[in-house]
Amino acid sequence: MIARATILRSPWKDLSRQHESATFGIWVFLASELLFFGSLLLLYTAYRVANPDVFIAAGRETDLWYGTVNTAVLMTSSLTMAVSAKAAEADMRRLTIWCLGATVALGLMFLVFKGFEYAEDIEKNLVPGANFALKQPAAQIFFALYWIMTAIHAIHLSIGLGLVGRLAISGALRRVQLRENPQVEVTALYWHLVDVIWIILYPLIYLMGRS
Amino acid sequence: MSPQTYAIWRKNGLVWLALLVLLGLTFGAAHLPLGGFNVVIGLAIAGIKVTLVIVIFMGLGNSPSLIRLAAAAGVFWLTILFVLTLTDVIASRQSQNVHPQMTEEHSLSRNR
Amino acid sequence: MTDIAISGELPLPREPSYLGAGHTVSSWLATTDHKRIAILYAATITFFFFLGGIAISLVRLDLFTPAGDLLSDDTYNKLFTFHGVVMVWFFMVPSIPGTFGNFLLPLMIGARDVAFPKLNLFSWYLILAGGFCTLYALIAGGVDTGWTFYTPFSTMFSNTHVIAAALGVFIAGFSSIATGVNFIATTHMLRAPGMTWFRLPLFVWAIYATSLVMVLATPVLAVTLLLVIAERWLHLPIFNPDFGGDPLLFQHLFWFYSHPAVYIMVLPAMGVISEVVTCFARRRVFGYDFMVYAMVGIAVIGFFVWGHHMFVSGQSPYASIVFSFLSFIVAVPSAIKVFNWTATLYRGQIGFEAPMLYALGFLGLFTIGGLTGLFLASIPIDVHVTDTYFVVAHFHYIMVGGTVSAYFAGLHYWWPKITGRLYPDAWARFAAILMFFGFNFTFFPQFIVGYLGMPRRYHVYPPEFQVYNVLSSAGAFVLAAAYLLPPLYLTWSLIWGARAGRNPWNATGLEWKTSSPPPRENFAVLPHVEEAPYQYHPEGVAPEHGGENYRTQGDQT
């Protein structure tokens, strides 16, 4: 007999109510994440308003190809995550687990490309400091924000990978039931947030000064 | 592929295709010499992509109103943060333009 | 103590109380019972309260004399910084939500626990982790930036352990966010049948409004502290003027959180006061609906006023005017609440047990604090008194005179419910009165000396200010003595106090319908709510005129 952890937890008497509550809870958390990243975007906006030409010139130095490919990768991972969540609802276990796995793979791909991109940025002296490549001081602020925003995004993505991966493994090993499991929806919503943030960061980091 | 599987892939796949097309569009538009308008287009397209992800992938289109309220609250408060702070940023720059300074950096330098 | 169910009341549970359900260390440290988590929080915040108190005692000791002769300048700076950081983030913010919010929210709405019990435990561990980080910063030598971490001093020039302290607060911030998410979901999703939104006790509304603020404001603080750490540790220029950075942007981001944070600190206190005033005046609350709207209004409008901390920082006059106007507006809902509490007292049968003494103290002290806030909202006055002791007195009247009084009011009101014991009321009343006098002696002179021009955060001051400083420091030691009393008699009550019945105050509210202390599952039978809260007397008939004795002596069995 394969043991399955019960997904109904105290204080809930009703799984659908627990599910509703988990979904509501994660959306409230996502609202807080909006303010979290929003603060960084505010800084970016304020500094851009103050230094438009410098920001555009600095923006030209980011690697458009890495950025664009990574955006496509992440959006695709959102697709697989969305399919996985719908499949879980429809009790299609194998599809759910394959898509969770695909999401992890695409997320890892993102991180690998990001790693290569970071290595290239370091070589091009785009780390603010003594050897910084551009001479205008405000360009260092652009890149400080670049490093911080992408790093924080990458940390969120890694946490997401942990959540998705854990679900994929527990589901594959039949340790937990995926159908009607609130954790699937919570994980999916968190993952989509990671995608949404990147979609907003993409034009701000990669599309400046290309014309 | 069962009809159910097909239906799931179809709906979400269409959104994904739309996202890729929009990505291509924004990539292309960035190369056009539109001056200040480039940023507007870039953010507008990003806005459409974000809306697609939120409404369809995240299911906000079908969610109970309580959840939409939570999402709207986040947006509302972020707007407050932006509007009131940028009021100060822009007002400072305007007063700085009236009294231009000799510094090279067009920073938000105040009372220097 | 009998278990006989009084007719019309819920049957009393027969299982052991939550205190008896498990005696091992891990049954406490791995608990998911909201009541035990509340006790864990209580122990933690009490510890930090006394640490923060020791720090400021040293400061006030130094301030007895105009010369900085007790402490070096650096040590002085580190002590007031430690006091601020610890008191704000490790006492004030988590105190009432973490202790009474955790303990009472499920009980008051008729639930068995919060929505996410494991997340609740995790919140506590986050506060603990943040606390350890901050303590490390202290032990390693301290931080001297002030609790506000202003740049560019914190990022570029301070030689102290800013990163550790900022990291500690960052971690504690996530405790806040997690608690907020939990309480919001709990309130929406776990109310008992019949418990509609407008039948909720005002304490629940207060916790709900506070949770909204915690969830929406704290992330901005988290980012701000992260940026300070990044700038200091990785030398990434964000607020550095040499690169075009703007220190004022730090202040915008910092105060976007820190102003709503003061509402995180005061809204739960207002909730406690509503519970205590109604019970000890034997009165229905005056204007329940407006009390609710006022609390939600404070939570919302509180987000629009942060620039009033920046009137002299170089903020544009245009923005300053907007913030000043909005700061006047935000006082209105608070005033409505004070009027309504006063009207609640009117024609009541007022008892002066310890909780009520603290609540009455709150009403006066919060009003003074709030009115002086209006002075500060006015730009011309603020330019004169900013960064003086006037500001220090203002916020201590609200934080200490207000929130700490409310915390003690709640502690004494719910102590029988939480512990099942009665404390000696004579000692409690004595402590309350001593606290009131000590508090006023400490902080009232600060209004005067601040207005006369003594800056805050200085330990050297002109000799003509000494009389006020001596009064203030003397008062501080009276206050400290008063704070030492409750731990003594409350601990005494745990061992030798009389056992409390189900409802020793004869109060309304679902928490009083279960045993003292409650069982692990809160209620033997989940309640079904049929009436509005605070049914202390029939509508339209004030207790004063009722003829009946509505006094609080509930069942002592």
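**Walking through the chains**

Reply: Let's start with chain A. It has 6 helices and 0 strands. Keep in mind that this is a predicted model.

Me: What pattern does chain A follow along the sequence?

Reply: It reads α-α-α-α-α-α.

Me: And what box do the C-alpha atoms of chain A fill?

Reply: Roughly 65 × 30 × 30 Å, taken along the principal axes.

Me: How many of the residues in chain A are buried?

Reply: Buried residues are 54% of the 211 in the chain.

Me: What pLDDT does chain A average?

Reply: The average is 92, and 98% of its residues score at least 70.

Me: Where in chain A is confidence lowest, and where is it highest?

Reply: Lowest is helix H2 of chain A, residues 52–59, with a mean of 93. Highest is helix H6 of chain A, residues 182–206, at 96.

Me: Let's pick a residue. Where is the place of A:Pro203?

Reply: In helix H6 of chain A.

Me: Why does A:Pro203 count as buried?

Reply: Because it has 26 C-beta neighbours inside 10 Å, and the cut-off for buried is 20 or more.

Me: Which residues is A:Pro203 in contact with, leaving aside its neighbours within four places in sequence?

Reply: B:Thr26, B:Gly42, B:Leu43 and B:Ala46.

Me: How many residues apart in sequence are A:Pro203 and A:Gly59, and what about in space?

Reply: They are 144 residues apart in sequence. In space, C-alpha to C-alpha, the figure is 9.8 Å.

Me: On to chain B. How many helices and strands?

Reply: Chain B has 3 helices and 0 strands. From the N terminus on, its elements run α-α-α.

Me: How many of the residues of chain B count as buried?

Reply: 27% of its 112 residues.

Me: How many residues of chain B are in contact with chain A?

Reply: 47 residues of chain B, in contact with 42 residues of chain A.

Me: Which elements give two or more residues to that side of chain B?

Reply: Helix H1 (3–30), helix H2 (37–57) and helix H3 (65–98) of chain B. The largest share comes from H3(B), with 16 residues.

Me: How do the residues on that side divide into nonpolar, polar and charged?

Reply: On the side of chain B that touches chain A, 32 are nonpolar, 12 polar and 3 charged.

Me: Now chain C. How many helices and strands are there?

Reply: Chain C has 16 helices and 0 strands. Of its 557 residues, 58% count as buried.

Me: What radius of gyration does chain C have?

Reply: It has 23 Å. A compact globule with 557 residues would be near 24 Å, so the value agrees. The C-alpha atoms of chain C fill a box of roughly 75 × 45 × 45 Å along the principal axes.

Me: Last topic, the largest nonpolar core. Which residues touch the most other members?

Reply: The core has 280 residues. Those touching the most other members are A:Val28, C:Ala166, C:Leu267, C:Ile273, C:Val276, C:Met295 and C:Ala409. Domain 1 (1–62) and domain 2 (64–112) of chain B both give residues to this core, so it lies between them.

Me: What does A:Val28 touch, not counting residues up to four places away in sequence?

Reply: A:Val28 touches B:Ala70, C:Val181, C:Ile184, C:Ala185 and C:Val215.

Definitions and conventions. Residues numbered from 1 in each chain as written. Chains lettered and ligands numbered in written order. Predicted model: local features only at pLDDT ≥ 70, side-chain atom pairs only at ≥ 80, totals over all residues. Helix = DSSP H or I, 4+ residues; strand = E, 2+ residues; numbered from the N terminus. Rg over C-alpha atoms; globule rule 2.2 N^0.38 Å. Buried ≥ 20, exposed ≤ 12 C-beta atoms within 10 Å, placed from the backbone. pLDDT = per-residue confidence, 0-100. Core = buried A, V, L, I, M, F, W, Y, C linked by C-beta atoms within 7 Å. Domains from an automatic or database assignment. Contact = placed C-beta atoms within 7 Å. Nonpolar A, V, L, I, M, F, W, Y, C, P; charged D, E, K, R; others polar.
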